[in-house]
Amino acid sequence: ASLDKARGLLTAAGALETEEGEEVLFWRAKLDALLGRLYEAAAGFKEADRIVTVAGLPLRCRCGVLVKLALTQLNLGQRTQCLATMDRCLELMRGVPSNEKMCPSMSFCMMTLAYAYGRMKMPDTALQLGEEAEAVMDKLITGDTKGGAYLLSILGWLHGELRGDWSAAHGYCSKAHRVHEELGTTHTFMGAQTAIALAYVKHRLGDTSGSDKLQRQVSLAGQHALVPLLAIAPAGYYLTTIGGCRVD
């Protein structure tokens, strides 16, 4: 409601096609995606992308919008549109100045795009982007933050699903889970997502008891079931938890 009110005020003031307007539309679309309203989310991301262009905002802003649009299209089954969006995002990403790439938002974009290419069965591009994002993360020393944990979980997914290296995947996902334990954020959406990713990796390694324990921890932390737009474990691992996770 607050985002819709903000959009109304910006529209009335003739200021929707500004950086502030883009942020409102972007966050509204992210909320729609999180709540499963994917068609509404796709429309919102497309409108945000139009405003980024009209307002002349930095390329990294457009990359951030396009990578979310690509994920939404992927989860809608719109594979042709998704690939076109991903390729456009990658093209723009290559044009971002080197100094602007050294920021957390760009490493998140690269890693999320790597995940999307992986889901589209394009491992070479996915792994290359994953390595680039990891290099940025290492330079920024973000591995001990919630954002860093997100990147580590996707790195685990890339190594496991694309390389078949589940031992490496376990290392990445274990480190990501420890970050949330140390920060006291295992009850949050990202914390639960990270725990479920580790549970899935343990399952693939044959550690059934370890996998079940993590799933029970997630179920006890939550209030309602949510399948995240970016699923770093199969949907069943989210749906089978009794409850799910809370969105902060």
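A crossing of two helices is called left-handed if the near helix is turned anticlockwise from the far one by less than a right angle. In this predicted model, the crossing of helices H10 and H11 is left-handed.

Helix H10, which covers residues 166-183, packs with helix H11, residues 189-204, at an angle of about 150°, and their axes lie 9 Å apart. Because angles over 145 degrees count as roughly antiparallel, H10 and H11 are therefore roughly antiparallel to each other. On the side of H10 the contact includes Trp166, His170 and Cys173, while H11 contributes, among others, Met190, Leu198 and Tyr200. The residues of this contact between H10 and H11 divide into 10 nonpolar, six polar and two charged.

Helix H7, residues 104-119, has 16 residues and reaches 23 Å from its first C-alpha to its last, which is close to the 22 Å expected at 1.5 Å a residue. Of the 16 residues of H7, 12 are buried, so the helix is largely enclosed by the rest of the structure. Among these buried residues are Met106, Cys109, Leu113, Tyr115 and Gly118. The helices against which the buried residues of H7 pack are listed here.

| Helix packed against by buried residues of H7 | Residues |
|---|---|
| H4 | 59-75 |
| H5 | 79-94 |
| H6 | 98-101 |
| H8 | 123-140 |
| H9 | 146-163 |

Just after H7, lysine 121 takes a positive phi of about 60°.

Notes. Residues numbered from 1 in each chain as written. Predicted model: local features only at pLDDT ≥ 70, side-chain atom pairs only at ≥ 80, totals over all residues. Heavy atoms only, no water. Axes fitted to C-alpha atoms, helices over the stretch in contact; angles between N-to-C directions. Helix = DSSP H or I, 4+ residues; strand = E, 2+ residues; numbered from the N terminus. Parallel < 35°, antiparallel > 145°, perpendicular 65-115°, else oblique. Contact = heavy atoms within 4.5 Å. Nonpolar A, V, L, I, M, F, W, Y, C, P; charged D, E, K, R; others polar. Expected span 1.5 Å × (residues − 1). Buried < 20%, exposed > 50% of the residue type's maximum accessible area, 1.4 Å probe, protein only.
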